[in-house]
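Here's a quick walk through the model below. Have the sequence and the 3D view open side by side as you read.

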Amino acid sequence: MRLVSLLIILALAACTASPAPPSAPAATPAERPMAVLALPTATLVPTHTPSPTPTASPTPTATVTSSPTPEPWVPRVGLQVGHLNSTELPDELARFRTSTGARWGGTTEAELNLDIALRVQPILEAAGIVVDLLPATVPPAYRADAFLSIHADGSTGSGPRGWKLATPWRASEASLSLLESVAATYGPATGLPQDVGGVTANMRGYYAFSYRRHNHAIDRTTPAIIVEMGFMTNAADRAVLFGQPDNVAWGIAEGVIAYFTTYNPTDAAARMPPDLPLMRPQAGAIVRAAPSDDARILLRIEDPDLRFVPFFRRGDWYEGVVRGQWGAVGWIRADQLAVTDEPLTFPTSTNP
């Protein structure tokens, strides 16, 4: 993996200059006081003050208290640089080789993603976390204690902005915990708004999450999220992504560190995605935007031949997608569903 990291760094060095290049590299761990994260019994209290101007750098500190363990466990994190070296994707993912992601001026999304990943890496390593820096190609059945795919958004217009995170369709409790931890730190660290409602089926069906369909994907027990840091096509977002990259990196890194303070490496059940049966909605079943009878209605199901593919259960509600209506991703009350023995199907839309 050190070789991969070296190759990625060399790839960045070879990038051509652009009108809006990423700013200077982040300070090294030695220049920033960072205590070693002793896990799994550590209690981490990170603090971070966002840069007041695009040229300033955050100066976070962290305090760790821990009890010694006879055989210390060392957490491992995979940081995937979205779209990096996509032309080298394996044959099973050949359709994504031309995917270059967003762009602003002469800067590609892969270049921005790499710049941020290279800033996140030393922060995590200074906290005692092993980091694998990965390109677009994920090692077969990749295993880690957390996997984050780092991306930036783009739009045909300049209006859309903000960040968003997503887990795989079938999210384990550990994946949900990872998402909550990063969501709690990223907004405050960057000052960027959340793109509420912006998570797409493509994000949750990201190819690196699809262990049932691809060899080059994470292992099913690897907690994972995809991070859309903000829109390269929005001026306010660019001011942070390009002008305050250290804030972006710390927003991601602090969330990962916080996640590990409660992560239990021996809890295999928390890392296992739920295995829910295919269901038949009743005629008149309602798909809602949230698990509540007051939530916005997305779809009223009248066709008795439709099927509902559930991915998560919360109380009396199931989150999933209506087969044949991939845009209708939402929640249905359990009393409006019945289990069927049809073969389970999955969304086919993936985000390169």
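Keep in mind that the model is a predicted one.

What about α2 itself? The helix covers residues 109-126, and at 1.5 Å a residue its 18 residues should span 26 Å; the end C-alpha atoms are 26 Å apart, so the two figures agree. Is α2 mostly covered or mostly open? Mostly covered, with 16 of its 18 residues buried.

## A five-stranded sheet

Look next for an open sheet of five strands with mixed pairing, ordered β6-β3-β7-β9-β8. At its edges are β6 (130-134) and β8, each of which pairs on one side only. On average, neighbouring strands of the sheet are turned by 20° against each other, ignoring direction.

Within the sheet, β7 (residues 146-153) and β9 (residues 224-231) run parallel and are joined by six bridges. Asp153 stands opposite Phe231 of β9.

## The largest pocket

The largest pocket holds about 1000 Å³ of space. Its lining counts 32 residues, and Leu165, Val199, Arg204, Glu319 and Trp331 are the ones nearest the centre.

Which elements supply the lining? At least two residues each come from β8 (164-166), α3 (173-190), α4 (201-204), β13 (308-314) and β15 (325-333). The largest share belongs to β15, with five residues. Sorted by class, the lining has 19 nonpolar residues, seven charged and six polar.

Methods: Residues are numbered from 1 along each chain as its sequence is written. This is a predicted model: local features need pLDDT of at least 70, side-chain atom pairs count only at pLDDT 80 or more; totals for chains, interfaces and linings use all residues. Side-chain values use heavy atoms; hydrogens and water are left out. On a 1 Å grid over the protein atoms alone, a cavity is a set of points where a 1.4 Å probe fits but cannot get out, and a pocket is an open set with protein on both sides within 12 Å along at least five of seven lines; lining residues have an atom within 4 Å of a point. Grid points are joined across faces, edges and corners, and a volume is the space filled by probe spheres set on the points. Helices (H or I, at least four residues) and strands (E, at least two) are DSSP runs, numbered from the N terminus. Ala, Val, Leu, Ile, Met, Phe, Trp, Tyr, Cys and Pro count as nonpolar, Asp, Glu, Lys and Arg as charged, and the others, Gly among them, as polar. The expected span of a helix is 1.5 Å times one less than its number of residues. Buried means under 20% relative accessible area, exposed over 50%, partly exposed in between (1.4 Å probe, protein chains only). Two strands pair if DSSP finds at least two bridges between them. Axes are lines fitted to C-alpha atoms, for helices over the stretch in contact, and angles run from 0 to 180 degrees between N-to-C directions.
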